[in-house]
Amino acid sequence: HDNLSFVKKDDGYFASYEITILLNDSTGGLTNEKQWTEEVKLANFDQSVSPHASSLSQRSFEIPPGRYTLTTILRDTETRNPRRMTRELRVKDLHDGDLAMSDIMLVRRLTVAGDRRSIVPSINPNVGNLTEGFHLFLEAYNRHDARQVRFVATAVNQQREQRTIAD
């Protein structure tokens, strides 16, 4: 919440922000744009200044495989100060070949309710201070359903020691 200005009201601390996401293709042309406003409500001051606090929202874009530039602009509605972040993005073609795998995502929380699974991505990539471990998420696509695919995950520590963690 370092980028937000919280205002004290009767029953807590409040902030709001506007998010704009711009998606440009490899030629620089604007492919997609989304904009929305979010509100954050916290119970006390300590939460409003905590470096560990975050606000997560999700939006989806349907785009073809390729290279893109993703620009995110966060504007605090109280101060009107904008913060801009730009990243290069590569969307893989998951239909190419017999077997394809998405990128691996660090997951902060995983919940299962019946047949539905819900994941909350980890915003902070630093997993060194997590005492209870962490989850990883990926999607694998097998174009030939009749064949079995064996998935093996191996972890390697700084001493180059390997350990199979999933088989």
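Apart from its neighbours within four places in sequence, Asn24 is in contact (heavy atoms within 4.5 Å) with Gly29, Leu30, Thr31, Arg67, Tyr68 and Thr69. The model is predicted, and local features require pLDDT of at least 70, side-chain atom pairs count only at pLDDT 80 or more, and totals for chains, interfaces and linings use all residues. Residues are numbered from 1 along each chain as its sequence is written, and side-chain values use heavy atoms, with hydrogens and water left out.

Asn24 is located in strand 2 (residues 12-25); strands are DSSP runs of E with at least two residues, numbered from the N terminus. With a relative accessible area of 17%, Asn24 is buried (under 20% relative accessible area, 1.4 Å probe, protein chains only). A polar atom of the Asn24 side chain lies 3.0 Å from the backbone oxygen of Gly28.

Glu38, in strand 3 (residues 30-42), also counts as buried, at 19% relative accessibility. Its side chain makes a polar contact with the side chain of Trp36 (3.0 Å); such a contact is a pair of N or O atoms within 3.5 Å, one able to donate a hydrogen and the other to accept it, and residues adjacent in sequence count only if both atoms are side-chain atoms. Beyond neighbours within four places in sequence, Glu38 is in contact with Ala15, Ser16, Tyr17, Ser57 and Arg59.

An open antiparallel sheet is formed by three strands in the order 8-7-9, pairing being defined by at least two DSSP bridges between strands. Strand 8 (116-121) and strand 9 (135-137) are the edge strands, each pairing on one side only. Strand 7 (residues 105-113) is joined to strand 9 by three bridges, and Leu106 stands opposite Leu136 in strand 9.

Terms used: Helices (H or I, at least four residues) and strands (E, at least two) are DSSP runs, numbered from the N terminus. Buried means under 20% relative accessible area, exposed over 50%, partly exposed in between (1.4 Å probe, protein chains only).
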